[in-house]
Amino acid sequence: MPRVEFQPPAGEPPLLAEMRGYWMRKRNDHGFPGRKDIVPSDIKKWLPQILLAEPVNGGGDFRYRLVGSKLRESFPSEPTGKLMSDVLAPFGEETVKKTVEVYGSILTLREPLRIRGDGAWYGRTSRYFEALLTPLSDDGHAINMIFGTFDFLWDHTYALEHYRAIDQQVYTTAVSVLK
């Protein structure tokens, strides 16, 4: 079973740290930036790795509103404007369920959530991902958008060092496969 780690203790990759800082600077008096506060020209170099997802049915599903070009490569079809459950269906029921749960948790947590996981959830066994999911609210209270940033780890050596602390058995297996 692929693994996902929530709020990992290790330092954030530079991209996620930069986006967390951006989100923090854009916060308003209510504690959340709104969609209008996210200015594409401010984050131009990171746009390929960003997405916006809108809660549907109280967070029972999400609609992709914006998906950066680098992220679109990971989807089996164009995700923009479509429901998460439909777009992720080719990866299996468990992937859909877990992904919707993670995004839904932002509605309850009401704070940024950093996740790190195995790309096997999304048919990408040779890579890992790190992501920062942050809430947006146009009225300062109701979260009406998730602003996500994703960083993919392709370098096996770097990825193995990150995951050695998580699970020694997975690390040992990965080393033997890569040799």
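Select Arg65. It is partly exposed, with a relative accessible area of 41%. Partly exposed sits between two cut-offs: buried means under 20% relative accessible area and exposed means over 50% (1.4 Å probe, protein chains only). This is a predicted model, where local features need pLDDT of at least 70, side-chain atom pairs count only at pLDDT 80 or more, and totals for chains, interfaces and linings use all residues. Residues are numbered from 1 along each chain as its sequence is written, and side-chain values use heavy atoms, with hydrogens and water left out.

What joins the side chains of Arg65 and Glu54? A salt bridge does, at 2.7 Å, N to O. The term means a side-chain nitrogen of Lys or Arg within 4 Å of a carboxyl oxygen of Asp or Glu. Arg65 is in strand β3 (residues 61-67) and Glu54 in strand β2 (residues 50-56), eleven residues apart. Strands here are DSSP runs (E, at least two residues), numbered from the N terminus. Glu54 is partly exposed too, at 25%.

Next, select Glu78 and Arg72. Their side chains form a salt bridge at 3.7 Å, N to O. Glu78 is partly exposed at 39% relative accessibility. Arg72 is partly exposed at 35%.

Move on to Arg114 and Glu130. Their salt bridge spans 2.9 Å, N to O. Arg114 lies in strand β4 (residues 113-118) and Glu130 in strand β5 (residues 128-136), so the pair ties together parts 16 residues apart in sequence. Buried or exposed: which is Arg114? Arg114 is buried, at 3%. Glu130 is buried as well, at 0%.

Arg114, Arg116 and Glu130 are linked in a network of salt bridges. The structure holds seven salt bridges.

Definitions and conventions:
Helix = DSSP H or I, 4+ residues; strand = E, 2+ residues; numbered from the N terminus.
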